[in-house]
Amino acid sequence: MKKKLLTIGSYVLVAMLATVITLALVGENPPSKLDRLEALIENRFIGEADSQTLEDAAAAAMVKATGDRWSYYISAKDYDAHREQEENAYVGVGITIQPQEDESGFLIIMVADGGPAKEAGIEVNDLLIGVEDQDIRGMTTDEVGALVKGEEGTKVSLTVMRKGEHMTLSVERRRIEQPVAEGEMLEDGIGLVKINNFDARCAEETISAIEKLRTEGAKKLILDVRNNPGGFADELVKLLDYLLPEGDLFRSVSFDGKEQVDTSDENFLDMPMAVLVNGDSYSAAEFFAAALQEYEAAVVVGEPTVGKGYYQQTIPLGDGSAVALSTGKYFTPKGNSLADKGVIPTVRVDVDEETAAAIYYGTLSAGEDPQLQAAIKALK
């Protein structure tokens with residue numbers, strides 16, 4: 001009897017273990033379609049495929065499939081460049097180049113003051129034709145930039161053509177802070193401030209540029225946010241607080257329904273203003289113009305802006321990559337969304353492609369810039 005009971009007990013134990021194993025298997029999540037597809041490519045694909053490239057492509061496609069034009073995937077190899085852009089700083093030599101239509105090289109249109117390129121003898125209007133003994137004629141701007149970039153403290157040789165002569169100069173790569181805002185005096189006591197973006201140091205540098213112009217005698221102000229891609233909301237709010245009187249400045253509603261309203265104090269800049277915008281004024285640049293327009297603090301001149309109404313959060317994904325995902329909406333001081341509408345200028349001035357390119361590259365003089373001249377006229 002004792003033996004039989006033990007035997008029955010062992011059968012029961014086996015049955016219980018089998019049941020536990022079955023339940024565990026049922027409880028496991030089956031592999032996703034993407035996991036199965038990646039495994040098939042890795043194990044059965046007759047060609048060669050890099051798993052990181054596959055994952056990057058899949059992640060980018062997944063974000064794109066949301067249908068949101070403002071969300072995007074940032075691969076690990078691109079993440080450092082993304083951070084540099086937000087910080088308005090990069091490791092490089094301190095030049096800005098413009099490709100020539102005849103593929104004769106890249107015209108150097110800007111040399112950073114105090115930067116390593118200037119110290120090495122690089123000049124504006126030099127034609128860059130070689131990097132590290134490589135002929136760069138026919139390359140893209142991104143390809144040239146990749147050759148010039150490198151570790152901070154290392155050197156790179158640049159070959160330029162100046163007045164028909166070739167010169168090869170050794171230039172040290174350093175961390176360079178890009179100017180965010182720059183001011184200049186125009187005619188009749190009008191100050192012009194070009195705001196490149198709303199990333200790091202935007203408010204500080206813009207306010208500093210305005211105050212400097214005021215000490216130089218500026219009585220009226222033009223703020224240029226053409227080709228400005230936007231940036232951080234807190235930089236926008238700081239600058240609007242300096243410019244505008246007491247009241248609401250910026251509204252945002254997050255994905256979970258939480259609303260935030262940023263406000264201004266009673267101090268403000270009491271002087272006539274105009275804002276320059278175009279079809280490449282994005283995000284914070286649009287809301288900057290919209291706020292000044294709604295407060296009737298400035299006349300808006302130029303072309304309608306792009307119409308961006310969502311804000312993005314950059315969320316790391318654990319492997320060095322990240323996703324900039326739209327997680328909320330934002331609104332003007334009066335609660336208006338700019339999504340798909342943008343800011344409509346008070347004074348509309350359209351320009352052709354050639355003029356737009358010259359404005360973008362900063363090669364157009366004030367007298368030749370029809371939008372700037374219209375802003376000057378509006379202030380007069």
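Helices (H or I, at least four residues) and strands (E, at least two) are DSSP runs numbered from the N terminus. The model is predicted, so that local features need pLDDT of at least 70 and side-chain atom pairs count only at pLDDT 80 or more, while totals for chains, interfaces and linings use all residues. Residues are numbered from 1 along each chain as its sequence is written, and side-chain values use heavy atoms, with hydrogens and water left out.

**Exercise 1. Locate Ala 58 and classify its accessibility.**

Step 1. Ala 58 belongs to helix 3 (residues 51-64).
Step 2. The classes are buried (under 20% relative accessible area), exposed (over 50%) and partly exposed (in between), with a 1.4 Å probe and protein chains only.
Step 3. Ala 58 has 28% relative accessibility and therefore counts as partly exposed.
Step 4. From Ala 58 to Leu 127 the separation is 69 residues in sequence and 40 Å in space, C-alpha to C-alpha.

**Exercise 2. Classify the aromatic pairs Phe 250 with Phe 287 and Tyr 360 with Tyr 361.**

Step 1. Rings of Phe, Tyr and Trp (its six-membered ring) pair if their centres lie within 6.5 Å; planes under 30 degrees apart are stacked, over 60 edge-to-face, and the rest tilted.
Step 2. In one of them, the ring centres of Phe 250 and Phe 287 are 5.7 Å apart and the planes stand at 85°, so the pair is edge-to-face.
Step 3. Phe 250 lies in strand 13 (residues 247-254) and Phe 287 in helix 9 (residues 284-294), so that the pair links distant parts of the chain, 37 residues apart.
Step 4. Phe 250, at 3% relative accessibility, is buried, and Phe 287, at 2%, is buried.
Step 5. The pair of Tyr 360 and Tyr 361 is edge-to-face, with 5.0 Å centre to centre and 85° between the planes.
Step 6. Tyr 360 is exposed at 55% relative accessibility, whereas Tyr 361 is partly exposed at 30%.
Step 7. One aromatic cluster consists of Phe 250, Phe 287, Tyr 311 and Tyr 330.

**Exercise 3. Describe the second largest pocket and its lining.**

Step 1. On a 1 Å grid over the protein atoms alone, a pocket is an open set of points where a 1.4 Å probe fits, with protein on both sides within 12 Å along at least five of seven lines; lining residues have an atom within 4 Å of a point.
Step 2. Its volume, the space filled by probe spheres set on grid points joined across faces, edges and corners, is about 960 Å³.
Step 3. The lining has 36 residues, and Gly 231, Phe 232, Ser 283, Lys 308 and Gln 312 lie nearest the centre of the pocket.
Step 4. Strand 17 gives the largest share of this lining, five residues.
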